[in-house]
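User: I'd like to learn how to read a fold from its model. Could you walk me through it, feature by feature?

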Amino acid sequence: MRYALLIVDRESARPSPEPTSPEEQAKVMKEYDEYTEMLRDRGIFLGGEALQPNPTATTVRVEDGRTIITDGPFIEAKEALGGFYLIEARDLDEALQLAAACPGAKFGAIEVRPIREIPDSPEAIAVGEGAAQPA
C-alpha cells in the first residue's frame, strides 16, 4: 500500500530570521540523505520533496466563479508542511516504523496518510467506495 509521510515542523511555518549554521544544515541534510537512501535500498521510495517555507506560499480559491489569489498560507499555524515522502509499505505498521525513523520526527511530526487509490475507468469510479451503487 502506498503512504504519504508528511513532514510537519515549526520552522516551515515561521522561519527563523537567524539562518541555521552551515554545520547544522549539513548534519540535518546528511540525516535526510541517509534516510532517503535507506528507503531506496529497500525499494520502497516512490518520491519525495522538501518544500519552501510557508511565507513563500500562494493560496488559490474559487468562490462564485471568481479566482481569488492570496499571498502566503491561508491559515495561521504553529506548524506547517515542510516536505513529504511517498513510500510503498506492507501495511500501516511498517509505514509508522518508517515515519518514526524519518529525521523530521525529531523536529516536528510525521503525519502518515494512506494514498487513496482512484480507479482509472469512469465505471469503476461510479461504483467505487462511497458512491451510490447502480440499481
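User: Let's begin with Thr-36: is Thr-36 buried or exposed?

Analyst: Relative accessible area decides that: under 20% is buried, over 50% exposed, and partly exposed lies in between, with a 1.4 Å probe and protein chains only. Thr-36 counts as buried because its relative accessibility is 14%. Thr-36 is found in helix α2; helices (H or I, at least four residues) and strands (E, at least two) are DSSP runs, numbered from the N terminus.

User: What should I keep in mind about where these values come from?

Analyst: This is a predicted model, in which local features need pLDDT of at least 70 and side-chain atom pairs count only at pLDDT 80 or more, while totals for chains, interfaces and linings use all residues. Residues are numbered from 1 along each chain as its sequence is written, and side-chain values use heavy atoms, with hydrogens and water left out.

User: Which residues is Thr-36 in contact with, leaving aside its neighbours within four places in sequence?

Analyst: Contact means heavy atoms within 4.5 Å. On that basis, Thr-36 is in contact with Phe-45 and Tyr-85. Tyr-85 is worth a look too: not counting residues up to four places away in sequence, Tyr-85 touches a list of residues including Tyr-3, Leu-5, Tyr-32, Leu-39 and Cys-102.

User: How do I read the largest nonpolar core, and which residues touch the most other members?

Analyst: In soluble globular proteins, nonpolar side chains tend to be buried together. A nonpolar core here is a set of buried Ala, Val, Leu, Ile, Met, Phe, Trp, Tyr and Cys residues joined through side-chain atoms within 4.5 Å. The largest one has 17 residues, and Leu-5, Tyr-85 and Ile-87 touch the most other members. Two or more residues each come from β1, α2, β5, α3 (92–101) and β6. Helix α2 gives the largest share, four residues.

User: Now the sheet: what is the order of its strands?

Analyst: Strands of a sheet pair through backbone hydrogen bonds, either parallel or antiparallel. For two strands to count as paired, DSSP must find at least two bridges between them. This open sheet has four strands in the order β2-β5-β1-β6, with antiparallel pairing. β2 (45–50) and β6 (108–114) are the edge strands, each pairing on one side only. From one strand to the next, the twist averages 20°. Helix α2 (residues 22–41) packs on the sheet and touches β1 (2–9), β2 and β5, its direction making about 25° with that of β5. For such angles, axes are lines fitted to C-alpha atoms, for helices over the stretch in contact, and angles run from 0 to 180 degrees between N-to-C directions.

User: How many bridges join β2 and β5?

Analyst: Five bridges, in the antiparallel sense, with β5 covering residues 80–88. Within β5, Tyr-85 stands opposite Gly-48.

User: And how many salt bridges does the structure hold?

Analyst: A salt bridge is a side-chain nitrogen of Lys or Arg within 4 Å of a carboxyl oxygen of Asp or Glu. The structure holds six. One of them joins Lys-30 and Glu-34 at 2.4 Å, N to O; these two are four residues apart in helix α2, so about one helical turn separates them.

User: Which residues are linked in a network of salt bridges?

Analyst: Arg-42, Arg-90 and Glu-94 are. Glu-94 meets Arg-42 at 2.8 Å, N to O. Glu-94 lies in helix α3 and Arg-42 in the loop between α2 and β2, so this pair ties together parts 52 residues apart in sequence. Glu-94 also meets Arg-90, at 3.3 Å, N to O. Glu-94 is buried at 5% relative accessible area, Arg-42 is partly exposed at 45%, and Arg-90 is exposed at 65%.
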